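I opened this notebook to record, entry by entry, what I looked up in the structure below. I begin with a term that I need later.

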Amino acid sequence: MAIELRSLTKRYGDICAVEDVSLTVEQGEVFGFLGPNGAGKSTTINILLDFVRPTAGRASIFGIDPQEDPRAARERLGVLSEATGFYERDTAREHLEFAIAMKRADDDPQVLLERVGIADAADRAVGGFSKGMRQRLGLAIALVGEPDLIILDEPLGGLDPTGAQTFRNIIREERDRGAAVFFSSHIMDQVEAICDRVGIMNDGRLVAVDTVEALRTTPEVPFELSVTLDMIPDRIQDDLLCFDGVEAVSTSDGVLRVGCADASAKADVITHLDDTEAAILDVRTGEPSLEQVFMETAVEVPRA
Ligand SMILES: Nc1ncnc2c1ncn2[C@@H]1O[C@H](COP(=O)(O)OP(=O)(O)OP(=O)(O)O)[C@@H](O)[C@H]1O
């Protein structure tokens, strides 16, 4: 197991930044750690990095408690975090050479810089780097020594679309090499494409953990059914609104749009339409985005 969190809790005075979070991330898995600002993502990551000590519970990396043996934990890890600091006068290459020496690794700095797309700036001082270039250098540093676990705190922030694509490709390559990747984000649509599983944090609590696919099909998440008919039957809107799980009905240009609260409502709607005088020409289901799942989960879960 790459990461194990057991009933992890961190309080700052009255604020519970992380509340009773339990979670495992397996070797070779890409895990997206999602949630709005202030949800507790960075605090959880900082506990894994031993920058912050938990109030209760336990965190471990490959069975190592970072509090007990931070050095052993660090040896297995590559990290890009808010706390990744740079020496403004040193070049990108010098930063990498230092990171490689610290890890006693044998990477070629040039290869890493090429991978993250800043080889052209290898010999420039980091003081003149943009936010995106710093992110790229931070990722290159995180990749040093082929770590078994890569932890990335908001890696996609500050990147242009090409940069985000480069990061996603690298995350996939690292997973294919067998590494686990744990990364936080509050930008849902950047996460959907690359995660094996996601965990959603809200207000310090882990409110959902599953595959993106499974979260999309959670019964609570509303989705829209679009049915094209050769005619719109009389009173169909009122009829459908009587069904359990049907939340909204609208029509335009021969297409009936039905907002369903769950999957079973979908079958009821189709069966009913089939019994009317109208002929069904086409049926489409709008899959809920992870953003919708996130909003629903974040809004609906009551506070303990
Ligand atoms: N050192 C600290 N002292 C007091 N409160 C803190 C401290 N660090 C974090 N918090 C509080 O803990 C909560 C969780 O913060 P955290 O930074 O972990 O959230 P986050 O999900 O990473 O948010 P963001 O996406 O904005 O980085 C917030 O209410 C924050 O104000």
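**Entry: ground rules.** I noted that this is a predicted model, in which local features need pLDDT of at least 70 and side-chain atom pairs count only at pLDDT 80 or more, while totals for chains, interfaces and linings use all residues. Residues are numbered from 1 along each chain as its sequence is written.

**Entry: the overall picture.** I looked up the secondary structure and found 10 helices and 13 strands, where helices (H or I, at least four residues) and strands (E, at least two) are DSSP runs, numbered from the N terminus. Taken along the principal axes, the C-alpha atoms fill a box of roughly 75 × 45 × 30 Å. Of the 304 residues in the protein, 36% are buried. I also looked up contacts, which join two residues if their C-beta atoms, placed from the backbone, lie within 7 Å; among those between residues at least 6 apart in sequence, 70% join residues at least 24 apart.

**Entry: the nonpolar cores.** I took a nonpolar core to be a set of buried Ala, Val, Leu, Ile, Met, Phe, Trp, Tyr and Cys residues joined through C-beta atoms within 7 Å. The largest one has 59 residues, and Ala140, Leu149, Val181 and Phe182 have the most contacts inside it. Helix 5 (residues 131-143) gives the largest share of this core, seven residues. A second, separate core has 13 residues, including Leu225, Ile236, Leu240 and Val246. Which residues does phenylalanine 182 touch, leaving aside its neighbours within four places in sequence? I found Ile3, Val25, Phe31, Phe33, Leu149 and Ile151 in contact with phenylalanine 182.

**Entry: helix 3 against helix 5.** I went on to helix pairs, for which axes are lines fitted to C-alpha atoms, over the stretch in contact, and angles run from 0 to 180 degrees between N-to-C directions. The axes of helix 3 (residues 92-102) and helix 5 come within 9 Å and cross at roughly 25°. Angles under 35 degrees count as roughly parallel, over 145 as roughly antiparallel, 65 to 115 as roughly perpendicular and the rest as oblique, and helix 3 and helix 5 are therefore roughly parallel to each other. The contact is made by Ala92, His95, Leu96 and Ala99 of helix 3 together with Leu137, Ala140 and Ile141 of helix 5. I sorted these residues by class, with Ala, Val, Leu, Ile, Met, Phe, Trp, Tyr, Cys and Pro as nonpolar, Asp, Glu, Lys and Arg as charged, and the others, Gly among them, as polar; the contact has six nonpolar, one polar and no charged residues.

**Entry: helix 4 against helix 5.** The axes of helix 4 (residues 109-116) and helix 5 come within 9 Å and cross at roughly 130°, and the two helices are therefore oblique to each other. Leu112, Leu113, Arg115 and Val116 of helix 4 meet Arg136, Leu139, Ala140 and Leu143 of helix 5. By class, this contact has six nonpolar, no polar and two charged residues.

**Entry: helix 3 against helix 4.** Here the axes come within 9 Å and cross at roughly 120°, so helix 3 and helix 4 are oblique to each other. Ala92, Arg93, Leu96, Glu97 and Ile100 of helix 3 make the contact with Pro109, Leu112 and Leu113 of helix 4.

Entry: Is helix 1 (residues 41-48) largely enclosed or largely open? Seven of its eight residues are buried, so helix 1 is largely enclosed by the rest of the structure; the buried ones are Lys41, Ser42, Thr43, Thr44, Ile45, Ile47 and Leu48. Aspartate 50 follows helix 1 and lies in the loop between helix 1 and strand 4. Its phi is near 60°, a positive value in a residue other than glycine. With 18 C-beta neighbours inside 10 Å, aspartate 50 counts as partly exposed.

**Entry: glutamate 68.** I found glutamate 68 in the loop between strand 4 (56-61) and helix 2 (70-75). Glutamate 68 counts as exposed, because it has 10 C-beta neighbours inside 10 Å. The C-alpha atoms of glutamate 68 and aspartate 50 are separated by 9.3 Å, with the two residues 18 apart along the chain.

How values were computed. Buried ≥ 20, exposed ≤ 12 C-beta atoms within 10 Å, placed from the backbone.
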